[in-house]
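Let's take a walk through this model, one spot at a time. Have the viewer open and follow along.

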Amino acid sequence: MLLSIGACVLPPVDLMHLSRRQWKTLLAWLDISGMALYFSEHLTLLGVHDALPAVIRQRLQQNMEDNAKRTRGMVAESVVLQLEFQKAGLSYAVMKGLSLSPVAVPRPELRHQFDLDYLVSESSAPEARRILERRGYTLYSISGNSWEFKINETPHVSMKDLYKDLPYRTVDLHLESEVSEIGSRLERSVQRSMFGISMPVFSPTDLFLHQTMHVFKNVCNGHTRTAHILEFYRHVRTRYADDTFWYELRARTKGNSSARLGIGVMTYLVSSVLDDFAPQTLTEWTSDRLPPSVRLWVDLYGQEVVFGNHPGNKLYLLLQKELETAGIPQKRSTKTSLLPSALPPIVIRATHNETFLTTLARYRVQVRYLCSRLLFHVVEDLRYALELRRWRKYLERLSS
């Protein structure tokens, strides 16, 4: 049985003739890419799930059951937090995750969600922090306008526990400035009845734009997750015939070259690995107007971007240079990306009164992470240097 790319974003593979080792490799990719649950659901819809080897079928089914329970746990936590937010009169909105269903995600339990994200006004942020801390969360880090909180962090989570409903939780608060060039997304938020409560979520255009720019940002930084590509595809297909939506999105992004380039890159990228899935009311002002060099990058590296293995590569630096020429500045230089001047962040921080074994486990995780990052930089820097020469030749042909 040959599984082709289409409704499910997967490289073509003959599932009935895979060896045990090949299944192990495929399952690892499915887990890391976020595609395992979508893959299992797709096979069920095709009516071929039972044709899989028993051990594979049982493993996928267990993933589905575990993630359904995990999703219920995250939903319950989100409801508790939001009721506290609402009781305190905070200005907030749910971001990503649960709000992507059903336009981009058929059912919440099919998405492997890592954390809970909320947009909050700057004036509401201090009280939101107090609510989280009363709940037992600890402020883990602050990066720009994002505050990351964690609770019940463990030294190491096995891949076998990836889908389980563990007590470990992460909540991200994203602060919205009182004055913004794009206006207030909080003021444009709409109420949706979900999971027994009424919760504020982004307006339809804000939801699409935020999802697209989030995936685009990951593509530009070499952190693409295939599941996010599929979710973007589904979001566009859901809105395909909604011309009013596309006209409103076009008006919303007028004068915002970064947004239009981001939408264009994502639309052209997905089209390169799937089909011409987007309506002309979207493509005529986005992907159809991409700079030739950006389209060339997608043509050459798009397949690898979508189907590549963790931890990725540094070929995104070639794209960053072309986007910078088109008006999107790099947030850090190519030199810094190739030769980082600082050690990677701490994977797991120490806690009060932790045992010696816990400390040992933390250091083991950190050392393993440092070694993997060092190997990644050595290998991918060399590959980038070799590919840069080839890329320059392609650009010369393009301009001639």
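Start at Gln113: this is a predicted model, and in it Gln113 counts as buried because its relative accessible area is 10%, which falls under the 20% cut-off. You'll find Gln113 in the loop between E3 and E4. What does its side chain reach? The side chain of Gln113 gets to the backbone oxygen of Asp115, at 2.7 Å. Beyond its neighbours within four places in sequence, Gln113 is in contact with Arg70, Met74, Gly97 and Leu98.

Now look at the strands on either side of that loop. E3 (residues 92–95) and E4 (residues 116–121) pair in the antiparallel sense, over 4 bridges. Tyr92 sits opposite Val120 in E4. Along E3, Tyr92 and Val94 point one way while Ala93 and Met95 point the other, and all are buried.

Next stop, helix H1, where Leu27 lies. Leu27 has a relative accessible area of 9%, so it is buried too. Leave out residues up to four places away in sequence, and Leu27 touches Ile56, Arg59 and Leu60. Leu60 is 33 residues from Leu27 along the chain, yet their C-alpha atoms are separated by 9.1 Å.

H1 also turns up among the elements that cover the buried residues of H11, as do H6, H7, H9, H12 and H14. H11 itself runs over residues 292–307 and reaches 23 Å from its first C-alpha to its last, close to the 22 Å expected. There is also a kink of about 65° in H11, centred on Tyr301. Tyr301 is one of the buried residues of this helix, and others include Leu296, Trp297, Val298 and Val305.

On to the aromatics. How many aromatic pairs does a search of the whole structure find? The search gives 12. Phe232 and Phe277 make up an edge-to-face pair, at 6.1 Å centre to centre with 75° between the planes. This pair links distant parts of the chain, with Phe232 in helix H7 and Phe277 in the loop between H9 and H10, 45 residues apart. Phe232 and Phe277 are both buried. For Trp297 and Tyr301, the ring centres are 5.9 Å apart and the planes are at 55°, so this pair counts as tilted. Those two lie 4 residues apart in H11, about one turn of the helix. Trp297 is buried at a relative accessible area of 1%, and Tyr301 is buried at 4%.

One last thing to pick out: ring pairs join Phe208, Phe232, Tyr233, Phe245, Trp246 and Phe277 into a cluster.

Definitions and conventions: Residues numbered from 1 in each chain as written. Predicted model: local features only at pLDDT ≥ 70, side-chain atom pairs only at ≥ 80, totals over all residues. Heavy atoms only, no water. Expected span 1.5 Å × (residues − 1). Bend = angle between axes of the 7 residues up to and from the residue. Buried < 20%, exposed > 50% of the residue type's maximum accessible area, 1.4 Å probe, protein only. Contact = heavy atoms within 4.5 Å. Pairing = 2+ DSSP bridges. Polar contact = N/O pair within 3.5 Å; in protein donor to acceptor, adjacent residues only side chain to side chain. Phe/Tyr/Trp six-rings, centres within 6.5 Å; stacked < 30°, edge-to-face > 60°.
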